[in-house]
Amino acid sequence: MKLPFQLLFLSLIFTNAICAQNLSSAPVGEAGLFGAAQGGNPTLNLVMMEIRTSATARFGNEEILGSPYLTENFIKSRVFYGDDVMGDYYVRYNALNSEIEIKETMDTEEKPKRLLADKKIRVKYQGKELKFTTYITKKSETKNGYLSLLTNGKKYQLYHRLAVKYAEGKSAANSMVNPIPSRFAQFVEYYYKIDGVDRIDQLPQKKGKFLKLFPSEIKEDLKTFVEEHKINLGEEKDLVKTFEFINQKVSDE
């Protein structure tokens, strides 16, 4: 049943407070801005809140190349809570802060709010499904943020993460060189999960480390597959193809 937008989020304070206890206490996203990661009231993670820090407040009025957003515009997207459809709303993904900004309308007078950390929330956005979850980076750091499931195999799942980092510019050292402007730089990371193992780890992109992740009985076939198909472990389409192959081989064993 579709509930009114404001009523649904407010009702979550009372009916789903226990969900907040399931969130990791690790920093959330690249900027660690969510209240759960800072010891805030856990029930606040179940409602929408005003966006705390605008780009102007954080970075001043300097001209910055690039964008912290996947798209600058709000895009109509479907929002779920568990298996329930909450409705279609206007969404913009702030990859710098790993947070979802949301509006009911495209009215310029309506201020966007942000969805706080809740592992039951899913958003169909730009052809992918964003889901708040916990993951472990290649530096063994446990973080919370939004991942998108790319392949959901019987044994292995593959995830995509879009992230943005801020690189501060540099003034010109002298009149012979140009200054380097500040910029937001987008990059992607890939993560994997093994069925039955309660963790999501960053996927190594070096072939040797990648091959070591998988059972010895399929390793030679996998190595041959990667070489024959000229697989680029940094390309999404190649990774999807490879994980489909891996899941098929595991099923055949």
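S98 counts as buried, at 0% relative accessibility; buried means under 20% relative accessible area, exposed over 50%, and partly exposed in between (1.4 Å probe, protein chains only). S98 sits in the loop between β4 and β5 (99-103), and its phi is near 55°, a positive value in a residue other than glycine. The model is a predicted one, in which local features need pLDDT of at least 70, side-chain atom pairs count only at pLDDT 80 or more, and totals for chains, interfaces and linings use all residues. Residues are numbered from 1 along each chain as its sequence is written, and side-chain values use heavy atoms, with hydrogens and water left out.

**Overall make-up**
- The protein has five helices and twelve strands; helices (H or I, at least four residues) and strands (E, at least two) are DSSP runs, numbered from the N terminus.
- Of its 253 residues, 43% count as buried.
- The accessible surface comes to about 14100 Å², and 49% of this belongs to carbon and sulfur atoms; areas come from the Shrake-Rupley method with a 1.4 Å probe, and for residues only the protein chains shown count as cover.
- Among contacts (heavy atoms within 4.5 Å) between residues at least 6 apart in sequence, 57% join residues at least 24 apart.

- Most residues other than glycine have a negative phi.
- S140 has a positive phi of about 65° although it is not a glycine.
- The loop between β8 (128-136) and β9 (142-152) holds S140, which counts as exposed at 62% relative accessibility.

**Surroundings of Y93**
- Y93 belongs to strand β4 and is buried, with a relative accessible area of 2%.
- Leaving out residues up to four places away in sequence, Y93 touches P68, Y69, L70, S98, E99, I100, Y125, L130, Y146 and L162.
- From Y93 to Q126 the C-alpha to C-alpha distance is 9.8 Å, with the two 33 residues apart in sequence.

**Salt bridges**
- Side chains of opposite charge can pair when their charged atoms come close.
- The whole structure contains eleven salt bridges, a salt bridge being a side-chain nitrogen of Lys or Arg within 4 Å of a carboxyl oxygen of Asp or Glu.
- One of them joins R78 and D88, with the closest N and O atoms 2.7 Å apart. R78 lies in strand β3 (residues 75-81) and D88 in strand β4 (residues 84-94), so the pair ties together parts that are ten residues apart in sequence.
- R78 counts as partly exposed at 39% relative accessibility, and D88 counts as partly exposed at 31%.
- R92 and E101 meet in a salt bridge of 2.9 Å, N to O. R92 is buried at 13% relative accessibility, and E101 is buried at 1%.
- K124 pairs with E129, the closest N and O atoms being 3.2 Å apart. Salt bridges that share partners join R122, K124 and E129 into one network.
- K124 is partly exposed at 42% relative accessibility, and E129 is partly exposed at 22%.

**Charged surface patch**
- K138, K139, K206, K209 and K212 form a positive surface patch.
- Patches are made of residues with over 30% relative accessible area and no salt bridge, with like charges joined within 9 Å and nonpolar side chains (Val, Leu, Ile, Met, Phe, Trp, Tyr) within 5 Å.
- Lys and Arg count as positive and Asp and Glu as negative, while His and the chain ends are not counted; the place of a charge is NZ of Lys, CZ of Arg, CG of Asp or CD of Glu.
- K209 is found in helix α3 (residues 207-211) and is exposed, with a relative accessible area of 54%.
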